Amino acid sequence: MILLIWIVPAIAACSNPSASADSAAHAEPVSGNPVVFADLNWQNALIQNRVAQYLVEKGYGHSTAVIFGTTLPLFQGLRNGDVDVTLEIWLSYLPETWDAAIEAEEVVLVDKTLVGDWQSAFVIPAYLQEQYPDLDSVEDLKNGNFKALFTTAESGDKARLVSCMIGWACEAANAQQVASYGLERHVYIVHPDDGAAANTDLYGAYERGEPWLGYQWGTNEPALVLDLVRLEEPPYTEECWATTKAYAYVDSDIRIAVHPSMLERAPEVVDMLSNFNIDIALFKDIARWARANESATEREAALWFLQVRPEVWNQWATPEAAAKIQAALDTGEAADDWPDQ
């Protein structure tokens with residue numbers, strides 16, 4: 001069975017403007033004490049941060065800052081208060097760490113986000129599966145004819161699999177899946193320098209109509225703009241994932257969380273974040289725009305989204321904050337504290 005990756009979740013839930021209108025109206029800038037975002041090093045997380053920074057700065061009067069990095073160090077930063085907001089905590093990668101942080105009251109769950117997102121280390125272009133319809137399972141990578149489709153000078157007689165960059169939590173998970181499926185003699189794992197390099201690798205193969213095998217997830221740009229399929233894997237079970245990982249990833253459980261100090265320091269921001277959700281359908285629009293504007297930065301993609309989809313972010317903000325945000329957009333303002341890229 002071939003699993004098509006296009007997923008269209010529901011539009012973000014509406015906010016209750018009256019619940020926080022008073023707090024927004026009295027929000028004051030916090031001089032020298034910015035709201036710090038975890039700038040996780042993949043595109044959709046960066047775009048979400050740029051959008052949220054704009055809303056927080058223009059709508060609620062707080063300065064912002066970012067700390068760039070990877071999952072585990074930035075989650076530790078959230079726990080110890082160096083980070084105030086993380087918009088993408090992929091819970092399947094750190095359930096025990098998350099539970100410990102919640103129990104110690106070091107982090108506060110705000111809401112889920114990107115509901116219905118997925119991830120897999122065994123993604124191929126749809127045109128390849130159409131050409132080889134019997135190539136539909138991870139077990140087929142043990143077949144010499146199918147394996148040969150993905151061999152390169154680098155991989156020798158093994159199938160080249162583009163996995164996660166070193167330092168991402170999926171790096172270890174993908175390696176354990178390869179071992180547990182008995183694919184170590186059949187698959188050669190490649191670690192790209194970063195997420196952009198992995199995407200470039202896939203785009204290049206796709207444009208040439210060549211075979212490609214590797215890791216993708218539902219909100220990543222190529223998964224939103226290309227026709228891809230996931231090779232079939234045994235369905236996820238919690239017990240197996242906690243041991244051998246010889247099963248598919250569970251559909252992603254992604255959380256928005258803040259440091260507890262935000263509840264007192266910026267409750268109106270926490271309220272806005274409880275409504276914040278750039279879902280997969282919205283990301284598809286952003287990704288297609290970014291692909292059509294190849295030199296566009298994450299900040300430009302965020303600004304485009306804010307300009308063309310006010311009916312979405314108006315549901316997240318209070319009426320007072322939304323009016324301030326729209327006024328800033330109307331005059332073409334950028335966020336003051338966006339990073340350069």
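In which kind of crossing, left-handed or right-handed, does H13 pass H14? The crossing is right-handed. Keep in mind that this is a predicted model.

## Where H13 meets H14

Let's stay with that pair for a moment. Helix H13 covers residues 280-292 and helix H14 covers residues 298-308; they pack at an angle of about 125°, and their axes sit 10 Å apart. With that angle, H13 counts as oblique to H14.

On the H13 side, Leu282, Asp285, Ile286 and Trp289 make the contact, while H14 brings in Glu300, Ala301, Trp304 and Phe305.

## Around helix H3

Now over to helix H3, residues 71-80. Its buried residues are Thr71, Leu74, Phe75, Gly77, Leu78 and Arg79. Just past the end of H3 comes Gly81, with a positive phi of about 90°.

## The nonpolar cores

The largest nonpolar core has 94 residues, and the ones touching the most other members are Phe122, Leu273, Phe276 and Trp316. Helix H2 (residues 43-60) is the top contributor to this core, giving eight residues.

Take Phe276 as an example: leaving aside residues up to four places away in sequence, Phe276 touches Gln48, Val51, Ala52, Leu55, Leu87, Thr113, Ile256 and Trp316. There's also a second, separate core of eleven residues, with Val162, Ala198, Ala223 and Leu228 among them.

How values were computed: Residues numbered from 1 in each chain as written. Predicted model: local features only at pLDDT ≥ 70, side-chain atom pairs only at ≥ 80, totals over all residues. Heavy atoms only, no water. Axes fitted to C-alpha atoms, helices over the stretch in contact; angles between N-to-C directions. Helix = DSSP H or I, 4+ residues; strand = E, 2+ residues; numbered from the N terminus. Parallel < 35°, antiparallel > 145°, perpendicular 65-115°, else oblique. Left-handed = near helix turned anticlockwise from the far one by under 90°. Contact = heavy atoms within 4.5 Å. Buried < 20%, exposed > 50% of the residue type's maximum accessible area, 1.4 Å probe, protein only. Core = buried A, V, L, I, M, F, W, Y, C linked by side-chain atoms within 4.5 Å.
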